[in-house]
Amino acid sequence: MKPKMIWANLGVSNLERTQKFYTELGFRPNNPNSSNELVSFFFGENELIIHFFLKEILEANLKNVKFGDSQSPNEIIFTLSAESIEQTNLWAQEVVKAGGTIVSEPESFGDHYYGFVFADPDGHKFNVFHM
């Protein structure tokens, strides 16, 4: 297999809230003319696309696939790279301001590692990491 692209699909309960949260964090929309089923954003320089579907739409489209409660343990966590400790701390403030939750506060761990974990309004977790 040699796919040209890869997308991540996450289920959410409120598209408007999701659109507002990721827009406030500065992520560029993939579909500026969002639909009533999903909103999408580009992440990182390589522009990974994450689609945020209404959970019931995503489950209906994938047939026989059920998504768990995003507030409970996660099967996947995306890591976003920060360029400095200062940027990491700034991002933590921006997450809270946009309506997210800090799961673990910014801190040093190991030699030359610094980061934190946050959850979006639907509970999807992201690790912010500076090395």
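Residues are numbered from 1 along each chain as its sequence is written, and side-chain values rest on heavy atoms, with hydrogens and water left out. As the model is predicted, local features require pLDDT of at least 70 and side-chain atom pairs count only at pLDDT 80 or more, whereas totals for chains, interfaces and linings use all residues. The mean pLDDT (the predictor's confidence in each residue, from 0 to 100) of the protein chain is 87, and 97% of its residues reach 70 or more. Among the elements, the lowest mean pLDDT, 80, belongs to helix α2 (residues 55-62), and the highest, 97, to helix α3 (residues 85-98).

The protein chain contains three helices and eight strands, where helices (H or I, at least four residues) and strands (E, at least two) are DSSP runs numbered from the N terminus. Along the sequence these elements follow the pattern β-α-β-β-β-α-β-α-β-β-β. The C-alpha trace spans about 45 × 35 × 30 Å along its principal axes. Buried residues (under 20% relative accessible area, with exposed over 50%, partly exposed in between, a 1.4 Å probe and protein chains only) account for 39% of the 131 residues. Of the contacts (heavy atoms within 4.5 Å) between residues at least 6 apart in sequence, 48% join residues at least 24 apart.

Three salt bridges are present in the structure, each defined as a side-chain nitrogen of Lys or Arg within 4 Å of a carboxyl oxygen of Asp or Glu. One of them joins the side chains of arginine 17 and aspartate 122 (3.0 Å, N to O). Because arginine 17 lies in helix α1 (residues 15-24) and aspartate 122 in the loop between β7 and β8, this pair ties together parts that are 105 residues apart in sequence. Arginine 17 is partly exposed, at 33% relative accessibility, whereas aspartate 122 is buried, at 7%. Another salt bridge, between lysine 20 and glutamate 24 (2.5 Å, N to O), lies within helix α1, where the two residues are four apart and thus separated by about one helical turn. Lysine 20 is partly exposed, at 48%, as is glutamate 24, at 40%. Arginine 28 and glutamate 47 also meet in a salt bridge (2.1 Å, N to O). Arginine 28 lies in strand β2 (residues 28-29) and glutamate 47 in the loop between β3 (38-43) and β4 (48-54), so this pair ties together parts 19 residues apart in sequence.

Aspartate 120 is located in the loop between β7 (114-119) and β8 (125-130). Aspartate 120 is buried yet has no salt bridge, and the nearest side chain of opposite charge, arginine 17, is 6.8 Å away; here Lys and Arg count as positive and Asp and Glu as negative, while His and the chain ends are not counted. The side chain of aspartate 120 instead makes a polar contact with the side chain of tyrosine 22 (2.6 Å), a polar contact being a pair of N or O atoms within 3.5 Å, of which, within protein, one must be able to donate a hydrogen and the other to accept it, and residues adjacent in sequence count only if both atoms are side-chain atoms. A polar atom of the aspartate 120 side chain also lies 2.9 Å from the backbone nitrogen of histidine 124. With residues up to four places away in sequence not counted, aspartate 120 touches Phe21, Tyr22 and Phe52.
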